[in-house]
Amino acid sequence: MLPVKLLLLRTLPSAAVGQYFMLARSLTCGVTRLSKKAEQLENEEPVAEELPVTFVDDDAESAEAREARIATLRNKSRLLPQHRNMLHGVLPYEQSQSWIHETVKYKRMMLGRYGIDGSRVDPRVCFPTKKEAYEKAEYERVAFPFTLKQMMDANETARKARKAEIEAREEEVARKLEKLDQWTTDLNARIAKKEAEARAAKERKDRLVEEVRRHFGFKVDPRDERFQEMLALKEREDRKKVKEAKRKEKEEKMMEKLQKKTAQLEADVEVSSEQTK
């Protein structure tokens, strides 16, 4: 006759039987691991750093180790060691951690920040080497070829030149302002002359148009071809008259000028003859 448990398992479905065996197996493995861990903890001895301060044997611990352990327990900031050192004004790293820490610039910065004792840097790194001094002197010789006195003299000369240029410009502006009234008068005269010439030309054109109309004796359309021909003829005649009048005026001016010059020469001759007597 089969046991009761087997009979119960046979009556269950196949999927439920599989889950039952997996659960029993996992429980067995868990109990085994817990028993092994308990045996291991019983065999191990407690470490001093893992125990509270009150449960550590002071006789079995050195003073330096005790101070280090206490300092570790005091550090509740969770800062990195280098950041905590910087917070307390101490050199961040005891040893170089990167190639940057070996550069002259970094060493100079640490020396200036933490001093000779705090930075543990040779102060001679602050002074340039012979090569650096030579290169700096050569750069200054090429970049700044003039002495301070020469640059001051050049600056003074440039300043005087600018001042003289400004003064000359101001004098020129003053002279032009003095002539402003005369220029305004001349401009108004030229404008008046242009306007007078324009009015005279318009009056002349109106006069010629009226003469052409009187010539025909009746009203004629200005666009008529006969009107245009007669108007052109009248304009040519008028230009000839104007030209002749200008020529006569020019001749009269020349004659007047010659007469004045002749009179001046005669007066000079009389004066010279009287002086000779």
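This is a predicted model: local features need pLDDT of at least 70, side-chain atom pairs count only at pLDDT 80 or more; totals for chains, interfaces and linings use all residues.
Glu172 is partly exposed, with 28% of relative accessible area; on this scale, buried means under 20%, exposed over 50% and partly exposed in between, with a 1.4 Å probe and protein chains only. Residues are numbered from 1 along each chain as its sequence is written, and side-chain values use heavy atoms, leaving out hydrogens and water.

**The chain as a whole**

The chain has 9 helices and 0 strands; helices here are DSSP runs of H or I with at least four residues, strands are E runs of at least two, and both are numbered from the N terminus. Of the 277 residues in the chain, 9% are buried. Now to contacts, meaning heavy atoms within 4.5 Å. Among those with a separation of 6 or more, 21% join residues 24 or more positions apart. The chain has an accessible surface of about 25,300 Å², and carbon and sulfur atoms hold 58% of that. These areas come from the Shrake-Rupley method with a 1.4 Å probe, and for residues only the protein chains shown count as cover.

**Salt bridges**

The structure contains 12 salt bridges, each being a side-chain nitrogen of Lys or Arg within 4 Å of a carboxyl oxygen of Asp or Glu. Here are some of them, with the N to O distance:

| Glu102 | Lys107 | 3.8 Å |

Let us return to our opening residue.

Asp153 is partly exposed at 37% relative accessible area, whereas Lys149 is exposed at 53%. As for the remaining pair in the table, Glu102 is partly exposed with a value of 45%, and Lys107 is partly exposed with 27%.

**A nonpolar patch**

Helix H7 also contains Met151, which is partly exposed at 41% relative accessible area. Together with Phe146, Leu148 and Met152, Met151 forms a nonpolar patch on the surface, and the four have about 450 Å² of accessible area together. Patch members have over 30% relative accessible area and no salt bridge; like charges are joined within 9 Å, and nonpolar side chains (Val, Leu, Ile, Met, Phe, Trp, Tyr) within 5 Å.

**Two arginines with positive phi**

Most residues other than glycine have a negative phi. Arg78 has a positive one, near 60°, and lies in the loop between helix H3 (63-74) and helix H4 (81-87). Is Arg78 buried or exposed? Arg78 is exposed, with a relative accessible area of 82%.

Arg120 also has a positive phi, near 55°. Its place is the loop between helix H5 (104-119) and helix H6 (130-143). Arg120 is exposed at 51% relative accessible area.
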